[in-house]
Amino acid sequence: MNLKNRLISLKFELTVDNLFNFKKINIKNNMNFVERKDQFIKWYKEEILKNDESYTKDIDKLIDELTLFFEDIGDSNIHSYLNSLKDCEKEILKIPKYPKILWLNKNDNTYFKVSNKGIVIEEPLSDDLFNLSFQYRNTYKNSNIKDVYIDLYKRNFKFNKTCDIKEQIISYDKRMYLRDEFIKCVIYNIINRNINDNGIKNATTLAQLFEIDINSIIESYKVTQKVKSLKE
């Protein structure tokens, strides 16, 4: 491949990588907990609340409440506690779901049926839908809708204005990002307030419950050896 074609190919790859980008938290090296929490709340207010101040104090309070609960978790029933939260608080903590139908073209009534996690259950049946040969029909079943969109994009498929697939993918990813960054704030808070075996153990319990990778957080506090000793 000559240099010109390689540059064209590279540009296309970068474009694909940027398909589902959304603004994320500006996390800098060596940020302390207060700075990180402030950045998270700023992002939450701008990207989720669209600068509505109504719930800004609520999410700050919820970070502190979860911190206190997991600091002194003991034999407490975690699920009972989580069920006792307000609906708006549960909304932050739960894994988002895709709508059952993602429109490819509302005008033609063509759509994908997907699972909660965006796995294609049923795809449009029109033979000429993708302007591809018949052999390409039903190839997207059991694929993630994000991979489907990327594949169609690479095939230069002309997306109709009524197509909401990209919008729903970004919405899902953003809600997952919100959930994960919120839990990371609580984990940072627990460790920040109690850098000892018990604090790390409780932070690890929280991370495992919400399937968050705690290693990078622990390394930033230089307490890897403590966690290693706990696991042993």
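This is a predicted model: local features need pLDDT of at least 70, side-chain atom pairs count only at pLDDT 80 or more; totals for chains, interfaces and linings use all residues.
Local features are reported only at pLDDT of at least 70 and side-chain atom pairs only at pLDDT 80 or more, whereas totals for chains, interfaces and linings use all residues. Residues are numbered from 1 along each chain as its sequence is written, and side-chain values rest on heavy atoms, with hydrogens and water left out.

The protein chain contains ten helices and three strands; these are DSSP runs numbered from the N terminus, with helices being H or I of at least four residues and strands E of at least two. Along the sequence the elements follow the pattern α-α-α-α-α-β-β-β-α-α-α-α-α. Of the 232 residues, 39% count as buried, where buried means under 20% relative accessible area, exposed over 50%, and partly exposed in between (1.4 Å probe, protein chains only). The accessible surface of the chain comes to about 14300 Å², and 46% of this belongs to carbon and sulfur atoms; such areas come from the Shrake-Rupley method with a 1.4 Å probe, and for residues only the protein chains shown count as cover. Among contacts (heavy atoms within 4.5 Å) with a separation of 6 or more, 58% link residues 24 or more positions apart.

Turning to the sheet, the three strands lie in the order β1-β2-β3 and form an open, antiparallel arrangement. Two strands are taken as paired if DSSP finds at least two bridges between them. Because β1 (101-105) and β3 (120-122) stand at the edges with a single partner strand each, one side of each is left without a neighbour in the sheet. Neighbouring strands are turned by 40° against each other on average, direction ignored; axes are lines fitted to C-alpha atoms, for helices over the stretch in contact, and angles run from 0 to 180 degrees between N-to-C directions.

Four bridges join β1 to β2, and Leu102 stands opposite Phe112 in β2. The hairpin of β1 and β2 has four residues between the strands, and in it Asn109 takes a positive phi near 55°. In the hairpin of β2 and β3, with five residues between the strands, Gly118 has a positive phi near 85°.

Beyond its neighbours within four places in sequence, Phe182 is in contact with Phe40, Ile59, Leu62, Ile63, Leu66, Ile92 and Leu93.

Ile183 is found in helix α7 (residues 165-193) and is buried, with a relative accessible area of 0%. Not counting residues up to four places away in sequence, Ile183 touches Leu93, Leu206, Phe210 and Ile212. The C-alpha atoms of Ile183 and Leu206 are separated by 7.9 Å, although these residues lie 23 residues apart along the chain.

Finally, the cysteines deserve a word. Cys163 is buried with a relative accessible area of 15%, and Cys185 is buried with a value of 1%. A search of the whole structure finds zero disulfides, a disulfide being a pair of cysteine sulfur atoms within 2.5 Å.
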